Amino acid sequence: MKALRVNRLSDDLSGVALEDIAEPERAPGEVLVRVRAASLNYPDLLMTRGEYQFKPEPPFTSGLELAGEVIAADPDSGFTPGDRVMGGNKTGAFAEVASIPARGLSPMPDGLSFAQAAAMGAAYSTAYTGLVELCGLRDGQWVLVHGASGGVGLAACDLARALGARVIAATGVEAKREAIAVQAKPDHVILAEGRFREAVSDLTGGALAEIVFDPVGGDVFDESTRCVAFGGKLVVVGFTSGRIAEIATNIPLIKGFSVVGLRAGEYARRFPQRGAAINAAVRDLAEAGRISPAIDRVLSLENWREGFEAMARRELVGKVVFEMAG
Ligand SMILES: NC(=O)c1ccc[n+]([C@@H]2O[C@H](COP(=O)([O-])OP(=O)(O)OC[C@H]3O[C@@H](n4cnc5c(N)ncnc54)[C@H](OP(=O)(O)O)[C@@H]3O)[C@@H](O)[C@H]2O)c1
């Protein structure tokens, strides 16, 4: 089968290649899946460089998220051949066949294509865990979402809007503002550059944001500490800016906000019942047509490099999906 292999760690994707390898063998507890579509997440890019917190030893097959059909499963797994499933593990999705632990998969929502399902799972469960599970998002709250053109950022905008929040989408790239407005339909789109607190204050009538959702870190995080309302939450999601920000503990004390660390995947592993409830809530919203993932482009796996490079160059507004042949 075709699989995207990371043969050695590299900063320029030179250690990555599409290769013909043997199909994986299913271990007990795993489900063998014919992959129909798989989506690119920022950690996939980081893992090619050895910069993600999970550091698999090369060679390994890249890809943490897929949608497809069950080929084989344990009789007590809850899955049977032909079931349409979505989910994944930390690696292995960018291949024609993947063997995934049963707990990493869930049924696809009705009405979604394989491409939509592959684009939805990780981004929306991350957004839901951060906004709803950890911050108790409520109707009418102001939510400021950074990295709004990214998979997780667009999902957070879409979800917060669907749940009745007032959404300020923030991007670091002026040229992306219009596309974000079209894709995520937030109440406002701002440029997260320099002193953007004034913009947040103006838009919220001085109230500031009850929740700030930050996949970017660095300078964006620093300025965001000035954008959180008293009693609000600043959610640390990731560090796409390349800098892990630091904060003096007197700042959240004086300003009365909490800094919340989000690890959506680990949260679901440690609290499997909560993880299942989060997936079910996202599925219900998708089936009701209240949320849908933004897809920047759909590529064949042969064109994997285009997707990885566009993500590295920060060109995307929405997800890259790889569709498998056959
Ligand atoms: N905590 C968790 O549980 C969890 C789960 C999943 C992912 N994550 C993390 O969330 C982050 C976003 O993941 P994603 O899959 O949504 O990635 P993505 O699709 O590439 O989006 C990342 C966004 O970050 C912004 N950005 C700011 N500075 C950047 C830079 N120097 N280079 C590239 N992008 C930059 C860009 O938005 P603008 O151009 O609009 O500013 C970009 O679209 C990653 O750090 C990932 O590891 C965390």
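Predicted model: local features only at pLDDT ≥ 70, side-chain atom pairs only at ≥ 80, totals over all residues.
Pro-59 is placed in the loop that runs between α1 (42-49) and β4 (60-61). The peptide bond leading from Pro-58 into Pro-59 is cis, its omega lying near 0 degrees.

**Cis peptide bond**
- The cis bond joins two prolines, Pro-58 and Pro-59.
- Pro-59 belongs to a loop, with α1 (42-49) on one side and β4 (60-61) on the other.

- Leu-13 is not a glycine, yet its phi is positive, near 70 degrees.
- The loop between β1 (2-6) and β2 (16-20) contains Leu-13.
- Leu-13 has a relative accessible area of 6%, and therefore counts as buried, the cut-off being under 20%.
- Arg-314 also is not a glycine, and its phi is positive at about 65 degrees.
- Arg-314 is found in the loop between α10 (304-312) and β16 (319-323).

**The second largest pocket**
- The second largest pocket holds about 220 Å³ of space.
- Its lining consists of 15 residues, and those nearest the centre of the pocket are Pro-24, Thr-61, Thr-91, Gly-92 and Ser-99.
- Two strands, β4 and β7 (97-101), each contribute at least two residues to the lining of this pocket.
- The greatest contribution to this lining comes from β7, with 4 residues.
- By residue type, the lining of the second largest pocket comprises 9 nonpolar, 5 polar and 1 charged.

Terms used. Residues numbered from 1 in each chain as written. Heavy atoms only, no water. Buried < 20%, exposed > 50% of the residue type's maximum accessible area, 1.4 Å probe, protein only. 1 Å grid on protein atoms, 1.4 Å probe; cavity = no way out; pocket = protein on both sides within 12 Å on 5 of 7 lines; lining within 4 Å. Points joined across faces, edges and corners; volume = space filled by probe spheres on them. Nonpolar A, V, L, I, M, F, W, Y, C, P; charged D, E, K, R; others polar.
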